[in-house]
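Visitor: I am new to reading protein structures. Could you walk me through one?
Guide: Gladly; let us look together.

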Amino acid sequence: MTVIPKTLSLGGDLTVNRLGYGAMHLTGPGIWGPPKDPDQAVRVLRRAVELGVNFIDTADSYGPDYNEQIIRKALHPYPEDLVIATKGGMLRTGPRDWVREEGRAPYIVALGRPEYLRQQVELSLHKLAVERIDLYQLHRIDPVVPLADQLGELVRLQEEGKIRHIGLSGQPEVTTEQLAEARTYADIVAVENLYNIADRSGEAAVRYAEEHDIAFIPWFPLGHGDLVKPSGALTEVAKKVGATPAQVGLAWLLHHSPNTLLIPGTTSVSHLEENIKAADLVLDADQWADIAERCSQETPWRPTAHASA
């Protein structure tokens, strides 16, 4: 049996529980506007903290801005050990930007101009009501702005005391080559990429993160829900181990690398409570290998960038 480590050190000075919470869906439809039920959103966030979650992931584009505001409403003044990670550098046009539709690529467009990133950091500081952001991630590397300029501005903000640690987010992923280049301009402590048990195309980045003590934050940890639907691969294997499909998928990610930091999102308190129990699922090596093999036969949806990106 393999016992899964439940914490990791983020940036060498922040100890966080590896099962965090992704707040993205605590907004209106299409990740646009305020949540339909703000009181329920507050309940979910407060319950997460009660259950030991001390890492919450958000972004200025979630809402936009409303997600950061609901976190402030629910949790400010913040618990001393709570780490709130936010992101900036990606544009929005409306609630259909990221809609999953046949034949339509989501609108995933970066803006990494230094002056824009500075503005967004200042706005996040205001929305979250903090003097310093514990982890600020470049939401997507802008291909038309030198990476040195994008990260250089974040480093200046870090030197000014407005950012504690810097990370990168990929749409869908940051490559190892990009990570290596980024580390020549800034101390990168986290990378957030699309990754799950069935979509492991970004495996090299997972291992790079391990080698360089970088937290690896997988988004779409359950394949945008494809893996846990009634016919999903995780739904089938979960029956054999006496757990929910989500618990199996999350536990596999925790087991797969000690550097994974999970941010499953939900708008349901009961689902939140179920997800947290994933950290307690212990299986032997053969069981994990069998689960991974079964899930490898499935291909969950992965977004590709808009043509103008």
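Visitor: Which residues touch the most other members of the largest nonpolar core?

Guide: A word on the source: this is a predicted model, where local features need pLDDT of at least 70, side-chain atom pairs count only at pLDDT 80 or more, and totals for chains, interfaces and linings use all residues. Residues are numbered from 1 along each chain as its sequence is written, and side-chain values use heavy atoms, with hydrogens and water left out. A nonpolar core is a set of buried Ala, Val, Leu, Ile, Met, Phe, Trp, Tyr and Cys residues joined through side-chain atoms within 4.5 Å; buried means under 20% relative accessible area, with a 1.4 Å probe and protein chains only. Here the largest core has 55 residues, and Leu151 and Leu154 touch the most other members. Helix H8 (residues 245-256) gives the largest share, seven residues.

Visitor: What does Leu151 touch, leaving out residues up to four places away in sequence?

Guide: Contact means heavy atoms within 4.5 Å. On that basis Leu151 touches Ile166, Leu168, Ala182, Tyr185, Ala186 and Ile188. There is also a second, separate core of 20 residues, with Ile56, Ile71, Leu272 and Ile276 among them.

Visitor: How many helices and strands does the protein have?

Guide: Both are DSSP runs numbered from the N terminus: helices are H or I with at least four residues, strands E with at least two. This protein has ten helices and nine strands.

Visitor: In what order do the strands of the open sheet come?

Guide: Strands of a sheet pair through backbone hydrogen bonds, either parallel or antiparallel. Two strands count as paired if DSSP finds at least two bridges between them. In this case seven strands form an open sheet with parallel pairing, in the order S3-S4-S5-S6-S7-S8-S9. Its edge strands, S3 (21-22) and S9 (215-219), each pair on one side only. Inside the sheet, four bridges join S7 (residues 163-169) to S8 (residues 188-194), and Gly167 stands opposite Ala190 in S8.

Visitor: Is Ser124 buried or exposed?

Guide: Ser124 has a relative accessible area of 1%, so it is buried. This serine, Ser124, lies in helix H3 (residues 114-128). Beyond residues up to four places away in sequence, Ser124 touches Asp60, Glu68, Thr86, Ala129, Ile133 and Tyr136.

Visitor: And what share of the 309 residues is buried?

Guide: Buried residues make up 55% of them. As for extent, the C-alpha trace spans about 55 × 45 × 40 Å along its principal axes.

Conventions: Buried means under 20% relative accessible area, exposed over 50%, partly exposed in between (1.4 Å probe, protein chains only).
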